[in-house]
Amino acid sequence: MNLPNITLVSFGYFDKSFLENISEAVQSEYRCSVYLREGHIDLSEFYDPTRRQYNGNKLLKLVDSMPFPDSLKIIGLFNVDIFVPILTFIFGQAFLNGRTGIASLYRFSNERYGIAGDSRFLQDRFKKEVIHELGHTFGLIHCPVMTCVMRSSTYVEDVDQKYQHLCLNCRARLEKQPDYPDSK
Amino acid sequence: MARKISILIVDDEESVRDSLYNWFLEDGFRVECAENAKKALTILESGQFDIVLADIKMPGMDGLEMLRRIKSLRSESIVIVMTAFATVDTAVKALKDGAFDYVTKPFDPDDLTHLIRNATKQISLADENETLKKKMISLENVEDLIGNSEAMKNLLREVENVAQTNSSVIITGESGTGKELVARAIHANSPRRFFPFVSVHCGALTESLLESELFGHEKGAFTGAMYNRKGRFEMADSGSIFLDEIATISSKMQVELLRVLESKTFIRVGGNKEISSDFRVICATNKDLKNMVEKGIFREDLFYRLNVVNIHIPPLRERIGDIPLLVDYFINKYCTSMNKPPATIDPAALKRLQEFNFPGNIRELENMIERAIVVGDGKKIGLKDLPLEKSFVSNTAESLEDFEKGFILQILNKYSWNISRTAKALKVDRVTLYNKIRKYELKPEN
């Protein structure tokens, strides 16, 4: 059975098993098949030396322009620090009701905050971020429910507090979206 | 808060507009963008936005000038000013010109969230305030003025019309018709409703006490004046003052009152400092003021100063159709206050009430119902519970003589045939009363 799919495109180095875990989590949450791809670009073109960060708007547009005709949604995965002009940093962003989103691993590692590294936390946080940005591509906005994956998170502690699942309301909204494969 | 908050983003940089647009969209706001102040003002003219997030530095009109224009159009607008180059000077200018906040780009995402959350809270409070105001209007409206009769409907229309004005009002009507209630309804429906409603019962005070009550006094103004005291005119500033039984005030007080009404200034008793107060006057009387003017008892100039609008409340006997509603209202009121289960009224008792003359009008009816609930069995008010059983004055009296006979008998029974007290109540002398008793062959019933 050919299910519509979601493509996760990694840019830069990611551990294979790490990516497979992310892929499984997305598949489980959105009930779509998930493909993993590697992207090859020169990230230096997106680097802003004044900010010492990578331009998230430009990266998003880049990923959006990539040809994946068989994919319903695409999420670009990065492990560099990304920003948008108005904010000091972002974990990720997406086109609301669009095709594309991006997510960065950079600010999810404990070492950034002077704490001993923990790969389990890192993986969990990144899964949530990817699922969150995908939710935006399906038209879901931020949710006030504390544990919903669609809850807005500005710090890693906020990410840790939420589950990697949609709450019932968001699930119901997702299933009403016309482009959601499992819509009712 | 049910409705979607709307945000207008004004910045000449496309990347800033796009980022903020996405950010706010994901948060569920309604968002629009403008690349300059001129376009933003055009958008604002055709629709309202709850929050405007504007850059200071823009080509053409800058953000501060735009802020001033937005505030002049709609002072309650929330405008957040942002800049990449913060200075104390521009921050102070922006806040002085009415900016809600002044922020530096780029923001920490948490700061942006807090900023918008604070702004949203402000909007929510303003919305809640509006809703409460509307609720207060409907609660304070005319719920205590009970009645479906044409007379009551006309009265309510008059209240509605006069409430919105600042005109002085004289409310006339017999004792117990609800003149103070009407005065309160006028105030509660007026733009002054959030300010005091001050009531003065002119008939209950001597001239000197009334003067002190109305104008206040300074410490030591007279024996017993141990403190400075604000007068009722001062307390009613921005609100309404209700002068009940206005016909009872002395000639001297009439002169004083006229002066205050014309100048809206006065001096406290024993004081020398002129105080001004902006109040609206509502008066009430059960007397015929015009007749008093003709007899020279009430000043004509004061009468015309007060009687810009006259609202007359008809006596209860002229709106007997409202009696069932009033009875239900009072039964409910007193059963609730006495913690008794709701009572009903026997149809025969209700019919008798509608035939009763009610010289004391609604106050008398209210007293009857209260008494009936206290002394009755609590379930149903019957004829035996109302002081109408043995003697009442029927509105079906065929002639003036029948009416007089019934009325005198009623009062005699009320005072247990005490001639002196009955004569005093009827405002006749004992000889006249004895003559009436003989004429109508009245006898005590026991």
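What follows is a short chat about a few features of this structure.

Reply: Happy to. Keep in mind that this is a predicted model.

Me: Let's begin with chain A. How many helices and strands does chain A have?

Reply: Chain A has five helices and nine strands. Read from the N terminus, its elements go β-α-β-β-β-α-β-β-β-β-β-α-α-α.

Me: And what share of chain A is buried?

Reply: Of the 184 residues in chain A, 41% are buried. Taking contacts in chain A between residues at least 6 apart in sequence, 63% join residues at least 24 apart.

Me: Which strands does strand 3 of chain B pair with?

Reply: One is strand 1 of chain B (residues 6–10), which runs parallel to strand 3 and is joined to it by four bridges. There, B:Leu8 sits opposite B:Val52. Another is strand 4 of chain B (residues 78–83), also parallel to strand 3, with five bridges. In that pairing, B:Asp55 has B:Met82 as its bridge partner.

Me: Now helices. At what angle do helix 8 and helix 10 of chain B pack?

Reply: Helix 8 (residues 207–215) and helix 10 (residues 251–263) of chain B pack at about 15°, and their axes are 10 Å apart. Angles under 35 degrees count as roughly parallel, so helix 8 and helix 10 of chain B are roughly parallel to each other. Their crossing is right-handed.

Me: Which residues of helix 8 and helix 10 of chain B meet?

Reply: B:Glu207, B:Leu210 and B:Glu211 from helix 8 meet B:Lys252, B:Met253 and B:Glu256 from helix 10. By class, that contact has two nonpolar, no polar and four charged residues.

Me: Last one: how many residues does each chain give to the contact between chain A and chain B?

Reply: Chain B gives 19 residues and chain A gives 14. Helix 1 (14–26) and helix 5 (109–140) of chain B each supply at least two residues of chain B's side. The largest share of that side, eight residues, comes from helix 1 of chain B. Sorted by class, the side of chain B has seven nonpolar, five polar and seven charged residues.

Definitions and conventions: Residues numbered from 1 in each chain as written. Chains lettered and ligands numbered in written order. Predicted model: local features only at pLDDT ≥ 70, side-chain atom pairs only at ≥ 80, totals over all residues. Axes fitted to C-alpha atoms, helices over the stretch in contact; angles between N-to-C directions. Parallel < 35°, antiparallel > 145°, perpendicular 65-115°, else oblique. Left-handed = near helix turned anticlockwise from the far one by under 90°. Contact = placed C-beta atoms within 7 Å. Nonpolar A, V, L, I, M, F, W, Y, C, P; charged D, E, K, R; others polar. Buried ≥ 20, exposed ≤ 12 C-beta atoms within 10 Å, placed from the backbone. Pairing = 2+ DSSP bridges.
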